[in-house]
Amino acid sequence: MDVMQKLMDIYDYNEPIILKDVKIDGISYENIRQTFSRLVKSGKLERYVQGVYYIPKVTPLGKSKIATKKIYERKYITDGKNIYGYYSGLTLMNAIGLTTQVPNTIEIITNNESSRRREILVGNQRLRLRRSRTKVTSKNAKILQLLELINTVDMSKLSDNQKQNLIAYIRSQNIKLNDILPYINYYPDKVSKKLMERLIINELTS
């Protein structure tokens, strides 16, 4: 079987390929690993870091490079079909306008981390990884992300503009109070109290 052709049938150019996740009928993991090594030597595959590869596109300027963001999102957030993590902390707060502080460290909560907290480098990007309080799925990722945000934010320090940004974010997620209730016990008591504040409860019950 042509392993390279099989990979090209599954993966686009510059798409992260996680070696441990590759399964090809009739070929053992050890043979796949050895084949990957040969494909790297031949230039058909590029290795980003140990265990992570991609198919480069050849351009007039040379081989394409994969974006670091693609690597860590694939490993810790989503494979395009399943969701198993989400952004949190200052990373999320900056994205939705609750702070102007641009974090040097990207914060992610994910199923694919066993530590309570760990910092790693992916390329030149530092990540702060935390294990999820409960399993993240495509159905609950937005809910857990909102609860984590509420757990993090000091509501009393938000400006009027920041409060409006928070309202806009909650509305965009289309989350209702009944969606949240099955997960509330995974979070500190203060999260329940914050949920009952008028700013938030009005959006969750409207």
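Which backbone oxygen does the side chain of Tyr-187 reach? That of Leu-144, at 3.4 Å. Here a polar contact is a pair of N or O atoms within 3.5 Å; within protein, one must be able to donate a hydrogen and the other to accept it, and residues adjacent in sequence count only if both atoms are side-chain atoms.

Some ground rules. This is a predicted model: local features need pLDDT of at least 70, side-chain atom pairs count only at pLDDT 80 or more, and totals for chains, interfaces and linings use all residues. Residues are numbered from 1 along each chain as its sequence is written, and side-chain values use heavy atoms, with hydrogens and water left out.

Stay with Tyr-187. It sits in the loop between helix H7 (177–180) and helix H8 (189–195). Helices (H or I, at least four residues) and strands (E, at least two) are DSSP runs, numbered from the N terminus. Tyr-187 has 6% relative accessibility, so it counts as buried. The cut-offs: buried is under 20% relative accessible area, exposed is over 50%, and partly exposed is in between, with a 1.4 Å probe and protein chains only.

Who are its neighbours? Leaving aside residues up to four places away in sequence, Tyr-187 touches Tyr-86, Arg-133, Leu-144, Leu-147 and Glu-148. Contact means heavy atoms within 4.5 Å. Ile-150 is 37 residues from Tyr-187 in sequence, and their C-alpha atoms are 9.9 Å apart.

Two of those contacts, Arg-133 and Glu-148, also pair with each other. They form a salt bridge, with the closest N and O atoms 3.1 Å apart. This pair links distant parts of the chain: Arg-133 is in the loop between E9 and H5, Glu-148 is in helix H5, and they are 15 residues apart. A salt bridge here is a side-chain nitrogen of Lys or Arg within 4 Å of a carboxyl oxygen of Asp or Glu. Arg-133 is partly exposed, at 37%. Glu-148 is buried, at 10%.

How many salt bridges does the structure hold? Twelve. Another one joins Glu-46 and Lys-63, again with closest N and O atoms 3.1 Å apart. Glu-46 lies in strand E2 (residues 46–49) and Lys-63 in strand E5 (residues 62–63), so the pair ties together parts that are 17 residues apart in sequence. There is also a network of salt bridges, linking Glu-107, Arg-117, Glu-119, Arg-126 and Arg-128.

Now the hairpin. Strands E8 (residues 118–122) and E9 (residues 125–131) run antiparallel, joined by five bridges. Two strands pair if DSSP finds at least two bridges between them. Ile-120 stands opposite Leu-127 in E9. Two residues separate the strands, and Gly-123 in the turn has a positive phi of about 65°.

Last stop, helix H6. Its 14 residues (160–173) should span 20 Å at 1.5 Å a residue, and its end C-alpha atoms are 20 Å apart, which agrees. The expected span is 1.5 Å times one less than the number of residues.

Which residues of H6 are buried? Gln-162, Leu-166, Ile-167, Tyr-169, Ile-170 and Gln-173. They cover an arc of only 160° around the axis, which puts them on the same side of H6. That arc is taken from the directions from the helix axis to the C-beta atoms. Their cover includes helix H4 (89–95), helix H5 (141–152) and helix H9 (198–205). The face turned away from the buried side carries exposed Asp-160, Asn-161 and Arg-171. Just after H6, Asn-174 takes a positive phi of about 55°.
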